[in-house]
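Subject: Structure for your review

Dear colleague,

Please find the structure below.

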Amino acid sequence: MYNFAFHRPTGLRQASNMLGKLEEAKILAGGQTLIPTMKLRLASPGNVVDLNAIADELSGIELKGRSIVIGAMTRHADVANSDVVKQHLPALAYLAGLVGDPAVRHRGTIGGSLANNDPNADYPAAALGLGATIHTTKGKYEADNFFKGLFETALGADEIITKVSFPLAKKAGYEKFRNQASRFALVGVFVSKRGSEIRVAVTGAGSNGVFRVASFEEALKKRFAPKSLEGLTIPATGMNSDIHGSAEYRAHLVGVMARRAVTRANEFAAGEGED
Amino acid sequence: MPKVSMTVNGNAVTADADARTLLVQYLREGLRLTGTHVGCDTSQCGACVVHVDGKAVKACTMFAWEAEGKTVLTIEGLAQNGKLHPMQEAFRENHGLQCGFCTPGMIMTAVDMVNRKGHDLDDPTIRHELEGNICRCTGYHNIVKSIAAGAKAMA
């Protein structure tokens, strides 16, 4: 990896200022993507701004009214094991427990995952699939307006995610078909039902990152059951195609994972589905 | 070169580290603690697992300076007074290793597993928890046996 200078701000404002002033600056949160990417020289930031000195200020999980609010530096392991999340939004705890492996989950953060917007990451599916609000040092974004394509978000260069607010859903589920080597989602589908609002968000499959499937959402409005999705498919155009799976294969998996996610959502809602 | 200081296996230590020096390089090259291995260098194999402030992490995916001031436990810190740690003893007893390359990471992961999940670990739990540790020799069977036995012995 190319060498760089590192900085350890002790406050959020200081961190934002550094990002604004330093050349080729990158935020280091959990480092579970940034460090491997730097090793491969896919990223070569001149400056790394580490948020771990202010991790306490940016961490925590709280039930606020009808939402769960999670600090940006909260580690995946803490979301997966949180009693609040397990009780009120079990699909989110379940998803967090599927990221990487136990050691990766001890470091990786929710803010880092969302800001990176890897097309195969899990958290973007949860944010879009629940209609989360992403709070930053400059304001807030609805998930529908946050993800802008491969590794692209609405975030400005000196903008930092501070917390994410997930509205509680009556039903929510996630199902993921893993790449056997990397454990990333080859296809992951997050579904939710909140009042009359149905969301189906897909990660891993789209060549432009996470996306919603309007036809599936429409079908689930009549009845939130896997049967409602039977026979429904999505076109292979716009799907990723690589050595791990063709576009057609991924398109097919979207349907399969969506039906399984609905089943899991119904199980969670019935107080089952823990495994 | 700048210095980085931390507590490793109970000892206050200081060694040179570049910005890009990984924790695993710091341990192996800076402190000559070569029990922590580098297998894949891509966060997948788990041969480099150590504990930082009591939690298992992949030392190839953390900069040394991120551990400044923290408490690190490596495989060398498990045995006490010349006596193997119960988890190490269980791996020896149950033939939980063949070439041994993955073993330090396996054992550090196993101890972390016990810290989080308790002493009564069933096979599915152990196998699931081992998803970040790869062994190319054993087929895992004896590793799973070793961890179940070691977990009990740690009680």
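Into which domains is chain A divided? Chain A comprises domain 1 (1-50) and domain 2 (171-269), with bounds that come from an automatic or database domain assignment. The centres of domain 1 of chain A and domain 2 of chain A, taken over C-alpha atoms, are separated by 34 Å.

Please note that this is a predicted model, in which local features need pLDDT of at least 70 and side-chain atom pairs count only at pLDDT 80 or more, while totals for chains, interfaces and linings use all residues. Residues are numbered from 1 along each chain as its sequence is written, chains are lettered from A and ligands numbered from 1 in the order in which they are written, and side-chain values use heavy atoms, with hydrogens and water left out.

The interface between the chains

Contact (heavy atoms within 4.5 Å) involves 30 residues from chain A and 23 residues from chain B. The size of an interface is often given as the accessible area lost when the parts come together. Here the buried area (the accessible area, with a 1.4 Å probe, that two parts lose on being put together, summed over both) is about 2300 Å² between chain A and chain B, and carbon and sulfur atoms give 57% of it. On the side of chain A, the residues that lose the most area to chain B are A:Lys39, A:His106 and A:Arg107, which together make up 24% of what that side buries.

Between chain A and chain B there are six salt bridges, a salt bridge being a side-chain nitrogen of Lys or Arg within 4 Å of a carboxyl oxygen of Asp or Glu. A:Arg107 forms a salt bridge with B:Glu66, the closest N and O atoms being 2.9 Å apart. Helix H2 (34-39), strand S3 (47-50) and helix H6 (102-107) of chain A are the elements that give two or more residues to the side of chain A that touches chain B; helices (H or I, at least four residues) and strands (E, at least two) are DSSP runs, numbered from the N terminus. H6(A) gives the most to that side, with six residues.

Salt bridges within the chains

A search of the whole structure finds 26 salt bridges over all chains. In chain B, B:Arg116 and B:Asp112 form one with the closest N and O atoms 2.9 Å apart. Both residues belong to helix H3 (residues 103-117) of chain B and, being four residues apart, are separated by about one helical turn. B:Asp112 is buried at a relative accessible area of 2%, and B:Arg116 is partly exposed at 34%; buried means under 20% relative accessible area, exposed over 50%, and partly exposed in between (1.4 Å probe, protein chains only).

The side chains of B:Asp120 and B:Lys152 also meet in a salt bridge, at 3.6 Å from N to O. B:Asp120 lies in the loop between H3 and helix H4 (123-129) of chain B and B:Lys152 in helix H5 (residues 141-153) of chain B, so the pair ties together parts that are 32 residues apart in sequence. B:Asp120 is exposed at 65% relative accessibility, as is B:Lys152 at 52%.

In chain A, A:Glu217 forms a salt bridge with A:Arg212, with 2.9 Å between the closest N and O atoms. A:Glu217 is buried at 9% relative accessibility, whereas A:Arg212 is partly exposed at 31%.

Yours sincerely
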